[in-house]
Amino acid sequence: MQRQKQNDAIAQINQLYISTRKKYIIQTVDQYITLDGFKHQNIWTLNDGMIQRHLDGKTTYGIFNGNTVNKFITFDIDYADDSAMARWATFNIIQALESEFNIRSSDIHVSFSGNKGYHVDLYFDKAIKADDAKSFYERVINTAGLPSEKVEFRPSYTQAVKLPLGIHQKTGKRCWFVDRETLEPIESFDYLNDVASMDHSLILDALIDLSPEQEAEFHKVVERTDIDVNVVTHQKAQQKVIDIINAGQLLHSNSRHETTLLLATFCNTQGYAEDEAVSLIMDILHNTPSDYFSEGSKPEFWRREAERIVKRAFDCNYQLGNENKPVTVYKSEILAVLSVGTFRQKQLAYAMLMTSKRYGNTFYLTVNTAMRMLGTTSRETVQNAIEKLIEVGFIEYVRKGELDMAQSKVRGHPFYKPNRYRILIEKPKADERSIDVTAEQSLVDVSFQLFDTRELKRIIKRSEFGGRWAR
């Protein structure tokens, strides 16, 4: 019975995995050896007897693709020093395939690599171009937020992947298939017997909108993504946000994806709602000249990508790397803040001042962001505070109540772009007193650093000072 199961497994391995028999690898305890019958005529072609030896655990084989085609894809997840991270990354890949690429759970097959990693396999009913397989892989790991050095594309014509169900020659462990929900081993050779190839068109459909510009951007984001942290650390990220928002468009051609990720991170940092973040991003993209995009790059695709990337940034709580970098605040600026109305209104003025220092004198602010700044759930409180700051000349609207036509059409009801504001207070004098503050320091903290108690009592109403400012 065991031999019959292995015979059935051999037939399925031939059907699902093997594209070329003249080039393959053998794993030893110390290394992988490549045997290439295209270069050396005396090399045995990979045959059923050799696959039987693989299943018997006597020799471990791996295979390459068919040079220009792939009949399957393996996401080779390798965290040799961290089995927990390997499990986490595997679940991320599975989730991305199911939720973002409409791959059925039954078409996703996971096996243990034999060390501390896993192989996630998709088998196709028809071989696809190797370039298309690689592009699909890049989209998936980008969506899952995983780096290419930890989740590698296999097989290619230069990089092989071990066949499943054999023995890892270094660890001595069997590379069983595992339950995709628990990653517990399924210790049976007949797992492959009921496996059917998936419709290859699902892979190709996922690539319809890909252009050379987009593929280049996917490469960039994969290289920059670090799954161990939730901080976007690429150089001068904060200054880039300022420059993009001030320009109101992409700053460079072929930078849509990078800019989308950066603005999504900025919006998460600033407390935007997800739909507001998408609106901001689309506003920037629609204002960008068409020659900044490659041919075939369409607004419908931009929106889908913006929604996906924003969701990722919010779910993983991406933050700008230098968000807590100290900024310089001057005494005259805080005096202007303290001169507005209620304590809540002072709080909002201070928050706007800090926002303008980080992201430019003209800045976006949504009601949700302002509510978070004030620690209130009342939209009316926020709106009253904004109107008061405008009334006293602390800020002015740069854009107010502008209808987002594209979003309104998609949603079926009016949707408005985030308002933009400009700080109007006078610039501080070069020699006046200043301090460096971070986001953790409150208005009260900063005020007591720049003013003594007697000064504050002259500026702030007695009733307010006793409740909010007493120390």
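Tutor: We begin with a term: a residue counts as buried when its relative accessible area is under 20%. Keep in mind that this is a predicted model.

Student: What percentage of the 471 residues in the protein do buried residues make up?

Tutor: The cut-off for buried is under 20% relative accessible area. Applied to the 471 residues in the protein, it gives a buried share of 51%.

Student: How many helices and strands are there in the protein?

Tutor: Helices and strands are taken as DSSP runs. The protein has 17 strands, and its helices number 18.

Student: Is helix α4 largely enclosed or largely open?

Tutor: Helix α4 covers residues 130-144 and spans 21 Å from its first C-alpha to its last, close to the expected 21 Å. Its buried residues include A130, F136, Y137, V140 and I141, and also E138 and R139. Because 12 of the 15 residues are buried, the rest of the structure leaves α4 largely enclosed.

Student: Which residue just after α4 takes a positive phi?

Tutor: Helix α4 is made up of residues 130-144. The positive phi just after α4 is about 70°, and it belongs to G145.

Student: What distance between its end C-alpha atoms should helix α14 show, at 1.5 Å a residue?

Tutor: Helix α14 has 13 residues, 379-391. The expected span is 1.5 Å times one less than the number of residues.

Student: Are helices α8 and α10 parallel or oblique?

Tutor: Helix α8 (residues 256-270) packs against helix α10 (residues 299-315) at about 40°, with 9 Å between their axes. Angles under 35 degrees count as roughly parallel, and 65 to 115 as roughly perpendicular. The angle of about 40° therefore makes α8 and α10 oblique.

Student: What is the handedness of the crossing where α8 passes α10?

Tutor: Among the residues of α8 that meet α10 are R256, L261 and A264, and on the α10 side they include F301, W302 and I309. The crossing of α8 past α10 is right-handed.

Methods:
Residues numbered from 1 in each chain as written. Predicted model: local features only at pLDDT ≥ 70, side-chain atom pairs only at ≥ 80, totals over all residues. Heavy atoms only, no water. Helix = DSSP H or I, 4+ residues; strand = E, 2+ residues; numbered from the N terminus. Axes fitted to C-alpha atoms, helices over the stretch in contact; angles between N-to-C directions. Parallel < 35°, antiparallel > 145°, perpendicular 65-115°, else oblique. Left-handed = near helix turned anticlockwise from the far one by under 90°. Contact = heavy atoms within 4.5 Å. Buried < 20%, exposed > 50% of the residue type's maximum accessible area, 1.4 Å probe, protein only.
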